[in-house]
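Reader: Could we go through the ligand site of this model together? I would like to begin with the surroundings of the ligand.

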Amino acid sequence: MLDAPPAASASAEGTAWTRKDLLDTDTLTRAEIDLILETARAMREVRSRPVSKVSTLRGTTVATLFYEQSTRTRASFEVAAKALGADVVNLTASGSSVEKGETLIDTVRTLEAIGTDVIVMRHHRSGAPHLAARHTSAAIINGGDGTHAHPTQALLDLFTMTGRLGSLEGRKVIIVGDILHSRVARSNAWTLLKYGADVTFCGPATLLPRHFVPAVDGRRCAVTTDLDAAIEDADVVMALRMQKERQQRGLIPSLREYIARYQVNAARLRKAKPGALLMHPGPMNEGIELSPEVAHGAQSLIEEQVANGVAVRMALLYLIAARSRT
Ligand code: CP
């Protein structure tokens, strides 16, 4: 294991990381996001070394605390923490004292008492990480809360887009699917607007936001039900998972109808800019929101998003843990 810290310092153009927690992207400044991306680029370099580990976080304990299922977020945080030399404790609600009725507050205080410095948590209730953050001195990183926010997904999506396109100023990004219930769409909207992208939310009227649409500096996400029109000349098309329970709840007439109007397939993707980026946060329902040929086609960045997730999460752990040690 190498002892050298990553190349990026905890400052980009003089910005230092000062936050205890990462709860969403809405309050992050452009300079803070720049710092995360710059640090993630250094972490990607670490990951490309023959020995892809450093000992920067030796002596730091990171806990993953997941009350909801996850593959990508949980696994990549564990890989990221270990790549930085941290000790990792993995907890899920099932099999822990949560099943005996222990509260969230008692659980995070217990983790703090055993020496945990950073808690990465996912919870089915919106706002749960905010509650936890108020009751522990351990840093809280939100790995997804209810329908509210998924900041690390948005940051890895931004890292992937800027890595491919450079500046996002004036770039047309379409996010299609169940926007109403999507924490990914919401957290992405904040970062993309801050980077100057034109963001359009697209989906059936029943799955579009009714009251609140993110806006930055007076620039607001557009909202439409017409994917065939919205996708014209798009630079990035991001499809979201369609949960089958939406049909059971009467929010879409049928999956067949949804596929006919909102599936991103080869014919629709041809309407976007040549070489437009196709993204999906995963897990995907192949054959529903994406046709198999585009899901695995040349324009698909789905696996690149997952790989970038490790570098971005290393960057966040590095910045947040370094701050908590000072
Ligand atoms: N994108 C995402 O959050 O995936 P997981 O649910 O597998 O973590």
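**The ligand shell**

Author: In this predicted model, domain 1 (6-150 + 307-325) and domain 2 (151-302) each supply at least three residues to the shell around the ligand.

Reader: Which residues are around the ligand?

Author: They are Ser70, Thr71, Arg72, Thr73, Arg122, His150, Gln153, Pro281 and Gly282.

Reader: And how does the shell divide by class?

Author: Six residues of the shell are polar, two are charged and one is nonpolar.

Reader: Which atoms of Ser70 lie 2.6 Å from an oxygen atom of the ligand, side chain or backbone?

Author: For Ser70, an N or O atom in the side chain lies 2.6 Å from a ligand oxygen atom. With Thr71, a backbone N or O atom is 2.8 Å from an oxygen atom of the ligand. The side chain of Gln153 has an N or O atom 3.0 Å from a nitrogen atom of the ligand.

Reader: How much of the ligand does the protein bury?

Author: The protein buries 93% of the 260 Å² that the ligand exposes when taken alone.

Reader: Turning to the records, which residues does the UniProt annotation "binding site" cover?

Author: The unreviewed UniProt entry places that annotation on Lys100, Arg183 and Arg241. These residues span 142 residues of sequence and are spread in space as well, with up to 32.2 Å between C-alpha atoms.

Reader: Which of these residues are in the lining of the largest pocket?

Author: The lining of the largest pocket includes Arg183 and Arg241.

Technical notes: Residues are numbered from 1 along each chain as its sequence is written. This is a predicted model: local features need pLDDT of at least 70, side-chain atom pairs count only at pLDDT 80 or more; totals for chains, interfaces and linings use all residues. Side-chain values use heavy atoms; hydrogens and water are left out. A residue is near a molecule or strand if one of its heavy atoms lies within 4 Å of it. A polar contact is a pair of N or O atoms within 3.5 Å; within protein, one must be able to donate a hydrogen and the other to accept it, and residues adjacent in sequence count only if both atoms are side-chain atoms. Accessible areas come from the Shrake-Rupley method with a 1.4 Å probe; for residues, only the protein chains shown count as cover. Ala, Val, Leu, Ile, Met, Phe, Trp, Tyr, Cys and Pro count as nonpolar, Asp, Glu, Lys and Arg as charged, and the others, Gly among them, as polar. Domain bounds come from an automatic or database domain assignment. UniProt positions are given in the numbering used here, feature names are shortened, and annotations may be inferred rather than shown by experiment. On a 1 Å grid over the protein atoms alone, a cavity is a set of points where a 1.4 Å probe fits but cannot get out, and a pocket is an open set with protein on both sides within 12 Å along at least five of seven lines; lining residues have an atom within 4 Å of a point.
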